[in-house]
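Walk through this model with the structure open beside you.

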Amino acid sequence: MKKLKFGIIGAGRIGKIHADNLIRHPEAEILAVSDLFAGPELEEWAASRGIAIVTKDSEEILNHPEIDAVFICSSTDTHVPLIKKAAEQGKHIFCEKPLSMDIRQTEEAIEAVSKAGVQLQVGFNRRFDHNFKRVREHVQNGAIGDTQLIKITSRDPGPPPEAYIKVSGGIFMDMMIHDFDMARFLSGSEVEEVYTQGSVLIDPVFGLYGDVDTAIVTLRFANGALGVIDCSRKAAYGYDQRVEVFGSKGSVTAANDFPNTAVLSTEDGIQSDKPLHFFLERYNAAYVDETQQFIDTLLLGKAVSVNGNDGWQAERIARAAKLSLQENRPVKLSELQ
């Protein structure tokens, strides 16, 4: 059996998640990990997982002749240069979202990948969630007829720290980009127009950086369907992730995941557990599945299911959403230059 050799660039929380998911597969081997802040702690972590090379220099991974593919889990501003260099070296690429915060730079990255003939998978892990995949299957097989309305609820259990807020790219590019991709995934259609309303209702620090913490985005799709996404940086009861697709023959919904489904009913009321706490718990299996599909894709020589175009399209929607908020008007994606 062929074993694929991987390198991990960026060994923060998400990089370590991908590393642990790769390690569980007999078809994969991690040769090296790089991080700007690599030190004894990372070396100890890598040693415990059989990773021989720990470096601060990503070039050591990109130039390594035995590495077949890289996972890019570093800060967003590094993604495009790393994608280009990896492509030039003939290495396949898994890159966390967003590919960049500038759609022109993203286009350059996609062009480099296409020119090199390598694969680029974008980390839209929610496509691999067991609930959302089932919703899409029902839509695709015509169970609900023609899609007419899509509703997505996306609420975090708490806001990120200020240090993250000021470099995040804002709620649309950082948080809602997953929802924009999910809207395309569930509808099977491209977004043509966006209208946004947003407020700072949770923490004034968001306003200091020209951002909002609460938003509603309405979408118009090429197939005529309409979409609504409501988003909040803080839900007091926990991580809230729900979708509904309504069509001419019915609807299909996906509710939150819970630690258990037990519901206690007494004369005092009805009680159940709160939703799974955050994205690591809620989408743990989805991270595993997206890694498995990337491995299978490379081994079988097939095209990835979540490619650079998917990343580019979501970024375009995010840009249109921000422009709509700034100018208080609907924005057609065709306006973006």
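What follows covers a cavity, one histidine and several salt bridges.

This is a predicted model: local features need pLDDT of at least 70, side-chain atom pairs count only at pLDDT 80 or more, and totals for chains, interfaces and linings use all residues. Residues are numbered from 1 along each chain as its sequence is written, and side-chain values use heavy atoms, with hydrogens and water left out.

Start with the cavity. A search of the whole structure finds one of 30 Å³ or more. A cavity here is a set of points, on a 1 Å grid over the protein atoms alone, where a 1.4 Å probe fits but cannot get out; lining residues have an atom within 4 Å of a point. The volume of the largest cavity is about 40 Å³, counted as the space filled by probe spheres set on the points. R126, F132, I152, T153, D179, M182, Q241, R242 and V243 line it. Strand 7 (147-155), helix 9 (177-187) and strand 11 (240-247) each give two or more residues to this lining. Helices (H or I, at least four residues) and strands (E, at least two) are DSSP runs, numbered from the N terminus. Strand 11 supplies the largest share, three residues.

Now find H79 in helix 4 (residues 79-88). H79 is buried, with a relative accessible area of 1%. Buried means under 20%, exposed over 50%, and partly exposed in between (1.4 Å probe, protein chains only). The H79 side chain reaches two backbone oxygens: that of S74 at 2.9 Å and that of P98 at 2.8 Å.

Next come the charges. The structure holds 21 salt bridges, each a side-chain nitrogen of Lys or Arg within 4 Å of a carboxyl oxygen of Asp or Glu. In one of them, D181 pairs with R127, with the closest N and O atoms 2.8 Å apart. This pair links distant parts of the chain: D181 lies in helix 9, R127 in the loop between strand 6 (120-122) and helix 6 (130-140), 54 residues apart. D181 is buried at 1% relative accessibility, and R127 is buried at 10%.

Compare R134 and E137, whose side chains meet in a salt bridge (2.9 Å, N to O). They are separated by about one helical turn, because they sit three residues apart in helix 6. R134 is partly exposed at 44%, and E137 is partly exposed at 37%.

Finally, K332 and E193 meet in a salt bridge (3.1 Å, N to O). K332 is in strand 15 (residues 331-332) and E193 in strand 8 (residues 191-199), 139 residues apart.

Technical notes
1 Å grid on protein atoms, 1.4 Å probe; cavity = no way out; pocket = protein on both sides within 12 Å on 5 of 7 lines; lining within 4 Å. Polar contact = N/O pair within 3.5 Å; in protein donor to acceptor, adjacent residues only side chain to side chain.
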